[in-house]
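Let's walk through this model together, from its core out to a pair of helices. Have the sequence and the 3D view ready.

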Amino acid sequence: MKNRILLLIWFILLALAAIFTGAWVYAVLLLLSALAVVAFLLLGFFFGKKITMKLKLPKAAEQDGIWKGKLQIVNDSVLPVFLGKGSLHLENRFTGEQMELPFSFSLKGRGKKNIDFQGKSQWCGCIYATLHTWRSYDFFGLAGQKRKAELSASTVVMPCEQKEDFRFLTKRSFDMESFRYSGPRRG
């Protein structure tokens, strides 16, 4: 929305400058700006079509511990992605706890990028991460095209490691009068 307002202000200022000064330079600049916006909007349909993504999470994590994940993005096209935006949805299938991790990136043609992220769960269970769609925006960020990803991965959150002292269970001495058993004598 901010980009649209700034572009509108740019066009208004150029139009006012062309009208009040009478200089043809401002009119030409207004026309070139409008052509550039239209060209990038048309090209925006082709940006981000050949993007492949992979989502990696650790196999297991510890309760209340921070775990790290990675989203790998590869552009197989010659055309760049000026601005890509999406949101990774995390859900604990055991407790119903949910979290959204928004991300944005730009990527050159035939480029590769890794986006590292962190997660934390205070409850045990299976964290299921999904990414269904993301948007590829044009150079000016005016209009975005929805792109499909269909990624999913999961990690298991285990309880914290218990560090208790259990030496009291294995005493070295016995709590009896003698260490030998006598059949004829009681006690």
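A nonpolar core is a set of buried Ala, Val, Leu, Ile, Met, Phe, Trp, Tyr and Cys residues joined through side-chain atoms within 4.5 Å, where buried means under 20% relative accessible area with a 1.4 Å probe, protein chains only. This is a predicted model, in which local features need pLDDT of at least 70, side-chain atom pairs count only at pLDDT 80 or more, and totals for chains, interfaces and linings use all residues. Residues are numbered from 1 along each chain as its sequence is written, and side-chain values use heavy atoms, leaving out hydrogens and water.

The largest nonpolar core has 24 residues, of which M53, L55, L71, I73, F105 and F117 touch the most other members. Strands giving two or more residues to this core include β1 (51–56), β3 and β6 (112–120); strands here are DSSP runs of E, at least two residues, and helices runs of H or I, at least four, numbered from the N terminus.

Take F117: beyond its neighbours within four places in sequence, F117 is in contact with L55, W67 and L71, among others. Contact means heavy atoms within 4.5 Å. Q72 lies in strand β3 (residues 66–75) and counts as buried because its relative accessibility is 16%.

Now turn to the helices. The axes of α1 (residues 2–21) and α2 (residues 24–43) come within 8 Å and cross at roughly 155 degrees, which makes α1 roughly antiparallel to α2 (over 145 degrees, by definition). Axes are lines fitted to C-alpha atoms over the stretch in contact, with angles from 0 to 180 degrees between N-to-C directions. Residues making this contact include W10 and F11 of α1 and Y26 and L30 of α2.

Notes
Parallel < 35°, antiparallel > 145°, perpendicular 65-115°, else oblique. Buried < 20%, exposed > 50% of the residue type's maximum accessible area, 1.4 Å probe, protein only.
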